[in-house]
Amino acid sequence: MSDTPPETPDFDAMTRDIAEVPAVEVIVTVAVNLMSAAAVKLGLTEEGEKHKDLDEARKLVHALAGLLDASATEISSFHAAPLRDGLKSLQLAFREASVVADEPGRGPGEKYTGPVFG
């Protein structure tokens, strides 16, 4: 058993760091993380099928669509346009990966984006 106390995060330093980050950057970072996680769950990485989980992918794509819908007016088209393109690509990849296709408008995130067609 070690006598050294476990390392605890420096919350004051973390708060200072976050305080210096513009909201747009936080939103874009979260969106990119959701996109990356969704791509992994869709099997779009080198390891493909190993991490594929369409139920998880659906949740991530839906959350991404909701975030982009809610923040579109806040992050400017400069940031929003490529994120929307990435979202559409993920929605199309989900449609391709699904054995049973969702009805148009019922796929992940289509509540926010409307039906997505190839």
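Reader: Which helix gives the most to the lining of the largest cavity?
Author: That's α3, with three residues in the lining. Keep in mind that this is a predicted model.

Reader: OK, and how much space lies in that largest cavity?
Author: About 40 Å³. The count of cavities of 30 Å³ or more comes to one.

Reader: Which residues line the largest cavity?
Author: The lining is made of Q91, F94, R95, S98, D102, G107, P108 and E110.

Reader: How do those divide into nonpolar, polar and charged?
Author: Two are nonpolar, three are polar and three are charged.

Reader: Let me pick E110 from that list. Where is E110 found?
Author: In helix α4, which covers residues 110-113.

Reader: Is E110 buried or exposed?
Author: Buried. Its relative accessibility is 4%, and the cut-off for buried is under 20%, so E110 falls on the buried side.

Reader: What is E110 in contact with, leaving aside neighbours within four places in sequence?
Author: Q91, R95, E103, P104, G105, P115 and V116.

Reader: New topic: the nonpolar core. How many residues are in the largest one?
Author: The largest nonpolar core has 21 residues. Those with the most contacts inside it are L42, L64, L68, L83, L87 and L90.

Reader: And which helices supply at least two residues each?
Author: α2 and α3 each do, with α3 spanning 54-97. The largest share comes from α3, at 13 residues.

Reader: Let's zoom in on L64. What does L64 touch, not counting residues up to four places away in sequence?
Author: L64 touches A31, L34, M35, L87 and L90. L87 and L90 are, like L64, among the residues with the most contacts inside the core.

Reader: One more residue, V24. Which helix does V24 lie in?
Author: V24 is in helix α2, residues 23-41.

Reader: What does V24 touch, skipping residues up to four places away in sequence?
Author: E74, I75 and H79.

Reader: How far apart are V24 and S76 in space?
Author: They're 8.7 Å apart, C-alpha to C-alpha, while in sequence 52 residues separate V24 and S76.

Methods
Residues are numbered from 1 along each chain as its sequence is written. This is a predicted model: local features need pLDDT of at least 70, side-chain atom pairs count only at pLDDT 80 or more; totals for chains, interfaces and linings use all residues. Side-chain values use heavy atoms; hydrogens and water are left out. Helices (H or I, at least four residues) and strands (E, at least two) are DSSP runs, numbered from the N terminus. Buried means under 20% relative accessible area, exposed over 50%, partly exposed in between (1.4 Å probe, protein chains only). Contact means heavy atoms within 4.5 Å. A nonpolar core is a set of buried Ala, Val, Leu, Ile, Met, Phe, Trp, Tyr and Cys residues joined through side-chain atoms within 4.5 Å. On a 1 Å grid over the protein atoms alone, a cavity is a set of points where a 1.4 Å probe fits but cannot get out, and a pocket is an open set with protein on both sides within 12 Å along at least five of seven lines; lining residues have an atom within 4 Å of a point. Grid points are joined across faces, edges and corners, and a volume is the space filled by probe spheres set on the points. Ala, Val, Leu, Ile, Met, Phe, Trp, Tyr, Cys and Pro count as nonpolar, Asp, Glu, Lys and Arg as charged, and the others, Gly among them, as polar.
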